[in-house]
Amino acid sequence: MNKYDEQLAQLREGIDAIDAELVQLLQRRAQLTGKIGEIKAHTGMPVFVPEREAALIQERRQQAHEIGVSADLIEDLLRRIMRESYHTQNNRYRCANANITQVTVVGGNGALGRVICSLFSKSGYAVAIVEKDDWNNPATQALLDQSNLVIVAVPINVTEHVIRKLGNLPADCILADITSVKVKPLQTMLEVHPGPVVGLHPMFGPDAPGMIKQVVVVCDGRMPTAYQWLIEQMTIWGAAVHHSSAQQHDQAMAYIQVMRHFSTFVYGAHLQEENPDLNVLTVFSSPIYRLELAMVGRLFAQAPSLYADIIFANPENIALLKRFHKRYGDALNKLETGDKASFIKQFLTIGQWFGDYAKKCLVDSKQLLLKADDDQMLRK
């Protein structure tokens, strides 16, 4: 072994020792955050405090800058560490309303239903589940008769049907749903139940560990003061609550969900018919294209009925998709006629419409893509 090999071995030993020390430091940090979680559970403080996180990151970035360490690296590390700590803190939450003796989730054994049930249980609520085979059981009506909150967490295509089964709830019972469409379910709940009614849309999938940093849309129905504790409870769970009318919500979802899912479906169908080698596509793709391809593949790894329900739920979305189809045809016509000048002009017009948001997307996506390329992520 020459002197360079010896020096390299010594340096690597030093790095290994530091890495081992980092693991021990992370263990100590996790122990402290666990204790913080216990305090928050007792006091009702939210797990996620944006001001605290922003201040901590800014202080460490400044420290890194002063000693010549990459501030971006430190921020990346801290955000990953804090995300982990948020999830280690969520074993228990404070109960926002101790007077609630029974929470019933219709469809609680479903993917998202299980997440909702888990959150209520971690806050100390008594939680019961009703599934489709339970309706003929006399105990089910007895359960509903004593429920303070009933949440409908069933597929979109049966949501209204299930809601209509809930016409005999106690007058003060809160009736809510967590469906991704809101106008028709909310209207049906208002028709069926004379008591408190609220429409909810948790903007996350069942693979999320909870509500930390997740948006929950609230569409007020009737008697909002009666379910204010529920809004507070979701905030304690770490959710960012956004109030909206049911109409505004569904209009937004047409762009956020329906148009995107439908476009992805068609893109996937086109790839399947063309039958390219996915290995070749991923090897030849830069991180941005691998990420886009991964989002297409992700759709087809999930239940088709879920996305069919979302796309087919509102016939009014057909007009939007037809307009999208026409604009795709117009763009293709520019290509066929070689009208590059018109393409560039429209490109600039669209860029002006996006404004500063486009510039922000460019900066943020660069950071995202650097992460996506670690360990050759998203390669097949």
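A salt bridge is defined here as a side-chain nitrogen of Lys or Arg within 4 Å of a carboxyl oxygen of Asp or Glu. By this criterion the structure holds 11 salt bridges. The model is predicted, so local features need pLDDT of at least 70, side-chain atom pairs count only at pLDDT 80 or more, and totals for chains, interfaces and linings use all residues. Residues are numbered from 1 along each chain as its sequence is written, and side-chain values use heavy atoms, with hydrogens and water left out.

**The network**

- A network of salt bridges links E53, R61, D72, E75, R79 and K213.
- Within this group, R61 pairs with D72, their closest N and O atoms being 3.0 Å apart.
- R61 lies in helix α2 (residues 50–66) and D72 in helix α3 (residues 71–88), so this pair ties together parts that are 11 residues apart in sequence; helices (H or I, at least four residues) are DSSP runs, numbered from the N terminus.
- E75 forms a salt bridge with R79, with the closest N and O atoms 2.9 Å apart.
- Both E75 and R79 belong to helix α3, where they stand four residues apart, about one turn of the helix.

**Accessibility of the network residues**

- Buried means under 20% relative accessible area, exposed over 50%, and partly exposed in between (1.4 Å probe, protein chains only).
- E75 is buried, at 18%, whereas R79 is partly exposed, at 36%.
- R61 is partly exposed at 23%, and D72 is partly exposed at 38%.

**A pair in helix α15**

- D364 forms a salt bridge with K360, the closest N and O atoms lying 2.6 Å apart.
- These two residues, D364 and K360, are four residues apart in helix α15 (residues 356–372), a separation of about one helical turn.
- D364 is partly exposed, with 40% relative accessibility.
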